[in-house]
Amino acid sequence: TRSGEEPDVQASPGPGAVATLQPDVQSASVTEAIAHARTSIAEVRADPTLAAEPAAWARVVVGFATVEDELARLRALQPDLRVLASVGLQLGAFVHDINGMLGQAAVVRELIEFLMADTSLSRNQSTQVRRISRGLNDLTHTLSRQSAYLTDVLITDPRRRRSRITVAERFATVRRFVSDQAARLQVDIEDRIPTGLKTPPMFPAEVGVLLTNLMTNAVKNAGVGGRVLVTGLPLGKRGVTLEVHNTGNEVDLADSERWFLPFESTTVEVNEVLGQGLGLGLPISRALVEDYRGRIEFVPPSD
């Protein structure tokens with residue numbers, strides 16, 4: 001293992017539960033308590049003489065107490081969930097604004113082309129106009145890429161169904177999304193995902209969000225002149241194992257679980273492409289993976 005490398009993030013099928021962002025996934029103790037309560041109630045209904053059994057009602061009481069605790073936990077999550085929901089709605093409006101700006105950019109480009117054809121301009125003026133034209137083209141390209149990506153993530157189509165997604169194709173879209181920032185940081189991205197590798201049946205947006213969270217995290221933490229390597233392997237009949245390796249500051253594996261808690265972030269710099277780092281990427285990724293009975297965690301870096 002090279003020193004100074006950040007441990008890789010691995011996602012693969014397996015048991016687990018994230019209690020904070022995945023409230024519908026219950027721990028084994030919660031599930032067991034509720035199951036015992038249901039069994040006791042069914043037994044008392046079938047045989048009323050068991051109503052006098054203290055043990056039967058004790059299980060029912062434990063089951064109700066467990067349900068009350070779960071409801072209290074869900075109520076505590078409501079403020080954060082409302083904030084996230086409002087951010088999602090605003091993001092949809094932002095996509096609409098981006099598309100409007102793209103239309104305005106086309107009009108500005110026509111005006112600039114008219115100026116570039118003006119023979120009365122001095123050499124210095126022509127140079128400045130060409131510089132403005134290049135800047136506008138770069139801005140239009142960035143806005144177009146952002147709009148296409150966000151539209152793909154936010155689109156709501158009731159005809160869509162879960163399907164096995166080709167990982168390499170979704171990764172190519174995400175790679176384009178982070179390519180500019182990777183170039184600015186001189187971070188090399190190497191893709192070793194097999195072309196035929198497919199996910200279990202999932203929604204396309206889920207795969208896109210998962211890969212985006214992993215890649216933005218990897219690029220931000222790879223360091224200037226660093227490297228990101230993404231590999232993939234089939235697991236079982238329909239499972240998949242993904243590993244995201246990157247150079248950067250080493251993370252203490254014994255303390256790595258804290259980075260899966262909401263709003264725990266290692267980044268404080270505001271980045272126009274990759275964001276400031278709200279500490280939600282990894283928790284959301286874990287919620288997505290564990291919803292499909294998978295596992296995501298930091299692992300020791302490869303050699």
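Buried means under 20% relative accessible area and exposed means over 50%, with partly exposed in between. In this predicted model, those cut-offs sort the residues on the tour.

Select Glu190 to begin. Its relative accessible area is 25%, so Glu190 is partly exposed. The side chain of Glu190 meets that of Arg192 in a salt bridge, at 2.8 Å from N to O. Glu190 also forms a salt bridge with Arg227, again with an N to O distance of 2.8 Å. Because Glu190 lies in strand E3 (residues 188-192) and Arg227 in strand E5, this pair ties together parts 37 residues apart in sequence. Arg192 counts as partly exposed at 47% relative accessibility, and Arg227 does too, at 30%.

Next, select helix H6 (281-291). Eight of its eleven residues are buried, so H6 is largely enclosed by the rest of the structure. Among the buried ones are Leu282, Pro283, Leu288 and Val289. Show the side chains of Arg286 and Glu290, which meet in a salt bridge at 4.0 Å, N to O. Both count as buried: Glu290 at 7% relative accessibility and Arg286 at 10%. After H6 comes Arg293, with a positive phi near 60°.

Then turn to the largest nonpolar core, which has 34 residues. Select Ile189, which touches Phe171, Met215, Val219 and Val228, among others.

Finish at another core, of five residues, which lies apart from the largest one; Ile98, Leu102, Leu143 and Leu150 are among its members.

Notes
Residues are numbered from 1 along each chain as its sequence is written. This is a predicted model: local features need pLDDT of at least 70, side-chain atom pairs count only at pLDDT 80 or more; totals for chains, interfaces and linings use all residues. Side-chain values use heavy atoms; hydrogens and water are left out. A nonpolar core is a set of buried Ala, Val, Leu, Ile, Met, Phe, Trp, Tyr and Cys residues joined through side-chain atoms within 4.5 Å. Buried means under 20% relative accessible area, exposed over 50%, partly exposed in between (1.4 Å probe, protein chains only). Helices (H or I, at least four residues) and strands (E, at least two) are DSSP runs, numbered from the N terminus. Contact means heavy atoms within 4.5 Å. Lists of a residue's contacts leave out its neighbours within four places in sequence.
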